[in-house]
Protein chains: 2
Amino acid sequence: MIIGFGFIGRDLVKAFYEKKDAIRKIDRDFKVIGVSHSKGYLHNDEGLDLQRLQHIKNLEDYGSSYHAGESSLGLIEKSEPDLMVEATPTRIKDGEPGLTFIRKALNSGISVVTSNKGPLVVAFHELTRLAEKNGCELLYEGTVAGAIPIFSLVRECLQGDRVLRISGILNGTTNYILSRMYFDEMSFELALKEAQERGISERDSSYDVDGIDAACKVVILANALMNRNVKFEDVEITGIRGITQEALSLAKKS
Amino acid sequence: MIIGFGFIGRDLVKAFYEKKDAIRKIDRDFKVIGVSHSKGYLHNDEGLDLQRLQHIKNLEDYGSSYHAGESSLGLIEKSEPDLMVEATPTRIKDGEPGLTFIRKALNSGISVVTSNKGPLVVAFHELTRLAEKNGCELLYEGTVAGAIPIFSLVRECLQGDRVLRISGILNGTTNYILSRMYFDEMSFELALKEAQERGISERDSSYDVDGIDAACKVVILANALMNRNVKFEDVEITGIRGITQEALSLAKKS
């Protein structure tokens with residue numbers, strides 16, 4: 001089941017369709033029985049038609065099986081899938097609406113996969129404990145360094161080790177802007193504009209540029225890999241908005 | 001059970017002793033019931049005393065439980081452990097003596113962990129199939145990039161992906177020598193001598209310098225991660241013995 005049919009939800013349906021043979025080698029009975037967005041949901045226990053689903057932009061265009069005006073919570077209650085993929089928009093402040101959906105699923109023993117930082121930043125330990133208590137899994141590999149399996153690496157492959165330090169580029173947009181400023185002597189404003197035009201930066205650039213996105217990742221990494229109990233407020237944040245060409249020239253010389 | 005009590009076998013005993021609490025969290029009944037070297041073996045089904053074992057250099061110094069003149073094969077037959085760690089010296093030509101011990105264990109349904117490249121270079125697919133057939137595991141993370149869990153990373157964390165290319169520094173000694181030659185304009189002979197004196201290079205430096213070690217790793221990586229069927233003879237090898245200061249100067253300029 002997929003909660004959310006924005007960019008991530010639609011891309012996931014495409015990936016499911018393209019990799020369906022590989023997935024069925026692992027799970028012969030794999031099917032998508034429900035997809036929801038904020039205005040209603042599709043539901044069919046026999047499995048939705050992935051080929052049809054990957055070509056539509058809005059769930060109501062699927063045709064049959066669409067329940068207008070009904071909520072994602074209703075879908076979770078009604079369909080009881082093995083796995084729920086939560087793909088609603090990120091809100092750091094309270095983790096909603098994803099947090100409510102994830103709580104609901106885990107409480108029903110439904111495993112959850114999410115790439116939504118909000119719920120994890122707000123309630124990491126509550127959710128991991130909930131999953132443990134109900135004998136299901138909460139997986140969140142996509143929240144940090146999406147293409148690098150960092151959480152499963154530590155969980156599956158480094159069992160005898162303790163993580164002492166984590167370092168890396170935590171925000172690609174910031175890295176892009178700083179690189180353009182440093183190597184091509186571009187101004188901050190121009191580099192940011194370019195990043196936005198190339199679709200690298202979020203629409204609300206403050207998430208990237210003011211370090212909010214990186215801070216969220218630090219919270220999740222510290223809690224998940226170093227067994228800490230850290231909140232967003234605990235992270236000391238310095239954005240890159242105030243960095244000038246002059247500061248970079250000085251950095252280059254030193 | 002540990003086959004081989006050289007540098008690796010002794011260090012493993014130390015690590016078992018130091019991490020015994022962490023290990024027992026995973027396996028409450030963990031114990032080492034046998035250790036062998038080429039001249040005999042220790043065996044005690046109740047578990048050997050790791051504290052005593054970590055302080056001796058030769059198995060016969062352990063005292064009781066030592067069976068002089070008996071072979072590792074005999075120990076495998078007699079003790080039937082859940083897991084055998086194979087830590088005999090590496091011989092690329094025929095993979096022996098490790099290959100025989102690993103075959104014996106897998107045929108008896110005993111899982112095997114080895115960091116010995118020889119048996120895997122000679123008989124990778126035979127051994128992995130043997131493990132599969134007998135419902136046990138063959139693990140060899142230590143053979144390539146010992147500190148990086150590269151094989152379990154791909155097996156556990158990248159199940160949906162296909163490995164298209166592998167790149168990296170495959171031999172630390174070669175990298176050390178080239179760095180000293182390139183950055184400090186040292187001669188090949190001097191850099192090699194330094195590497196040997198610092199204990200970085202193998203006693204037989206040809207393994208490192210002539211690319212044999214790196215070629216073995218290529219064979220194992222290609223077979224394990226790219227599903228190839230490659231032998232040592234299939235790898236094109238260029239060592240670093242012939243590289244001169246003049247060649248490096250030219251490389252620097254280009």
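Helix H7 (residues 150-157) of chain B gives the most to the side of chain B that touches chain A: 4 residues. That side has 5 nonpolar, 3 polar and 2 charged residues. Nonpolar is Ala, Val, Leu, Ile, Met, Phe, Trp, Tyr, Cys and Pro; charged is Asp, Glu, Lys and Arg; the others, Gly among them, are polar.

Housekeeping. This is a predicted model: local features need pLDDT of at least 70, side-chain atom pairs count only at pLDDT 80 or more, and totals for chains, interfaces and linings use all residues. Residues are numbered from 1 along each chain as its sequence is written, chains are lettered from A and ligands numbered from 1 in the order written, and side-chain values use heavy atoms, without hydrogens and water.

Now the sheet. Chain A has an open sheet of 7 strands, order S4-S3-S2-S1-S5-S6-S7, with mixed pairing. Strands (E, at least two residues) and helices (H or I, at least four) are DSSP runs, numbered from the N terminus; two strands pair if DSSP finds at least two bridges between them. Which are the edge strands? Strand S4 (66-68) and strand S7 (138-139) of chain A, each pairing on one side only. Strand S3 (residues 40-43) of chain A runs antiparallel to S4(A), joined by 3 bridges. There, Leu42(A) stands opposite Tyr66(A).
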